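Let's talk through the pockets of this model together. Have a look at the structure first, and then we can go question by question.

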Amino acid sequence: MKHLCMILAVLAAPVVAACPAPPDVANELEGLFEEARAAPNDQAGRLVSNQMWEVWLRAPDAAAQEVLERGMRKRDVYDFAGALKDFDRLAEYCPLYAEGFNQRAYIHFLREDYRLALVDLDKALSLQPRHVAAQSGRALTLMRLDRIDEAREQLKQALANNPWLSERFLMSEGGPLAPSGKDI
């Protein structure tokens, strides 16, 4: 009887699901980086950029996908506090999924909490070093923190894989991240 009670207690305990490890998308992204570098114009480059986003926004499981999409819907209607709660939950549930940290960083950036944004961007990039959107977001965050040389270098890294990022104009002549050295 004692063993039966223990078995029933174990069976009745709540099951805590674990997020599966994200799939390795390095080869898929490398192909998209090559397509982006070879794109003949802005329109073609944007199409490849959208395909990159499809890869990054593919969560490891259905539960994570729902939390990601719910957080993005909240963000889109300016419910930053609600989105932040969802992205906190996603980062806790799927600590190896870079996009959870990237999305949370974006909320911090929109709330002008650049230091927290940088922490999450660094985490996203530690998980997926060539996440071009996290790289460009990190460049923007560093620019807001007035760390211009670091921002310029970070954006160069992002543009090496996707030269069609809209942030590329920040490096144009007269832009805030334009190469230094030219003076009157």
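Q: Which element gives the largest share of the lining of the second largest pocket?

A: A quick note first: this is a predicted model, where local features need pLDDT of at least 70, side-chain atom pairs count only at pLDDT 80 or more, and totals for chains, interfaces and linings use all residues. Residues are numbered from 1 along each chain as its sequence is written, and side-chain values use heavy atoms, without hydrogens and water. Helices here are DSSP runs (H or I, at least four residues) numbered from the N terminus. With 4 residues, the largest share of this lining comes from α2.

Q: What is the volume of the largest pocket?

A: On a 1 Å grid over the protein atoms alone, a pocket is an open set of points where a 1.4 Å probe fits, with protein on both sides within 12 Å along at least five of seven lines; lining residues have an atom within 4 Å of a point. Points are joined across faces, edges and corners, and the volume is the space filled by probe spheres set on them. For the largest pocket, that volume is about 590 Å³.

Q: Which residues are the closest to the centre of the largest pocket?

A: The lining of this pocket has 28 residues, and α3 gives the most to it, with 7 residues. The closest to the centre are W53, Y106, A133, S136 and E167.

Methods: Helix = DSSP H or I, 4+ residues; strand = E, 2+ residues; numbered from the N terminus.
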